[in-house]
Amino acid sequence: MRDVFRYNWPLYAAGCLAAGTGWVVARCLPGPAAVAARAGASAAVALLVSSTAASWWVYDRSGLHSFDWLDDLLPGGPGAHVVVSAGLDEASRPLAARRLDAAQRVVDLYDPVLMTEGSIRRARRRVPPVAGTVAGLPDRLPVASGSADTVFAVFAAHELRRAADREALFAECVRVLRPGGRLVLVEHLRDVANTAVYGPGAWHFLPRREWLRLAAGAGLRTVGELRIGGLVTAFALARGEVADGG
């Protein structure tokens, strides 16, 4: 939770400023206008509280970063795997700690020209890429074709704000996966639960139908899906030809 605050402190500061301003201005306004100002301030406080509580729950208490939930999606383990990040790599270290015998390659898609959000820059300064990380592009992952048992994209794919880039990334994931391989996609979704606690911030996430569209377009099929902490969804997506081959 402390890291979430560090990465997003301007948003928290803006929320506190909006709430404080609303309450101060309300004291100077007549009846209905004062009520509206207080309502706006109360909404800002409620959003601050709900988003903070949700982040604490998801990142500190849900077991998300333990990756214990992975056993349900990949009972046989990740095998030789590729971790795709987009500025902040939240997966390679815990995955390496769980499976020391599994070969791992980390590809970073961070592009400071396209990914201009301050939260990514702050996160990247605080958590630099692990040693051996290589730079990649959505349409050019520096990984040999058919060489990976699993590709992980944990809170990375939504940072590609252009649909064409996401489509290219999914196609590349299919290219590097071996027959029977899996893409494990972990994301917040733009849904009722996330909108209820993050408010407008949930629009940074993408809806479930977009991920399923990308999977279908790349020839991937959903073979597993689970909810972590009620707010994060993990998909296991397999190459389509495996459906015919078992």
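The face of helix α8 turned away from its buried side carries the exposed residues Arg209, Ala216 and Gly217. The buried residues of α8, which covers residues 208–218, are Glu210, Trp211, Leu214 and Ala215. Viewed down the axis of α8, these buried residues fall within an arc of 135°, so they line one face of the helix. The model described here is predicted. Its chain contains 9 helices and 7 strands, and buried residues make up 44% of its 246 residues.

**Overall architecture and domains**

- The C-alpha trace of the chain spans about 70 × 35 × 35 Å along its principal axes.
- The chain is divided into domain 1, residues 1–62, and domain 2, residues 69–239.
- The centres of domain 1 and domain 2, taken over C-alpha atoms, are separated by 30 Å.
- Contact between the domains involves 15 residues of domain 1 and 18 residues of domain 2.
- Of the contacts in the chain between residues at least 6 apart in sequence, 71% join residues at least 24 apart.

**The largest pocket**

- The largest pocket holds about 1,300 Å³ of space.
- Its lining is formed by 46 residues, of which Val4, Tyr7, Asn8, Tyr59 and Ser119 are the closest to the centre of the pocket.
- Both domains take part in this pocket: domain 1 (1–62) and domain 2 (69–239) each provide at least three residues of the lining.
- At least two lining residues come from each of α1 (2–26), α2 (31–61), α4 (92–98), α5 (118–126) and β5 (177–188).
- Helix α1 gives the most to the lining of the largest pocket, with 11 residues.
- By class, the lining of the largest pocket comprises 23 nonpolar, 11 polar and 12 charged residues.

**The cavity**

- The structure holds 1 cavity of 30 Å³ or more, and the space in the largest cavity is about 40 Å³.
- The lining of the largest cavity consists of Ser85, Gly87, Leu88, Asp89, Asp108, Arg124, Val127, Pro128 and Pro129.
- These cavity-lining residues divide into 4 nonpolar, 2 polar and 3 charged.

**Arginine 122**

- Arginine 122 lies in helix α5.
- Not counting residues up to four places away in sequence, arginine 122 touches Arg6, Tyr7, Trp9 and Pro10.
- One of these partners, Tyr7, is also listed among the residues closest to the centre of the largest pocket.
- Arginine 122 and leucine 88 are 34 residues apart in sequence, with their C-alpha atoms 9.5 Å apart in space.
- Leucine 88 is itself one of the residues that line the largest cavity.

**Tyrosine 198**

- Tyrosine 198 lies in helix α7, which covers residues 192–198.
- Buried residues have under 20% relative accessible area, and tyrosine 198 therefore counts as buried at 13% relative accessibility.
- Leaving aside neighbours within four places in sequence, the contacts of tyrosine 198 are Leu47, Ser51, Ala54, Ser55, His188 and Phe205.
- Serine 51 is 147 residues from tyrosine 198 along the chain, yet the C-alpha atoms of the two are separated by 5.0 Å.

**Phenylalanines with positive phi**

- Phenylalanine 67 has a positive phi of about 60° although it is not a glycine.
- Phenylalanine 67 is found in the loop between α2 and α3 (70–73).
- With a relative accessible area of 1%, phenylalanine 67 is buried.
- Phenylalanine 155 has a positive phi of about 55° and is likewise not a glycine.
- Phenylalanine 155 is placed in the loop between β4 (148–154) and α6.
- Phenylalanine 155 counts as buried because its relative accessibility is 9%.

Key
Residues numbered from 1 in each chain as written. Predicted model: local features only at pLDDT ≥ 70, side-chain atom pairs only at ≥ 80, totals over all residues. Heavy atoms only, no water. 1 Å grid on protein atoms, 1.4 Å probe; cavity = no way out; pocket = protein on both sides within 12 Å on 5 of 7 lines; lining within 4 Å. Points joined across faces, edges and corners; volume = space filled by probe spheres on them. Helix = DSSP H or I, 4+ residues; strand = E, 2+ residues; numbered from the N terminus. Nonpolar A, V, L, I, M, F, W, Y, C, P; charged D, E, K, R; others polar. Domains from an automatic or database assignment. Buried < 20%, exposed > 50% of the residue type's maximum accessible area, 1.4 Å probe, protein only. Arc of directions from axis to C-beta. Contact = heavy atoms within 4.5 Å.
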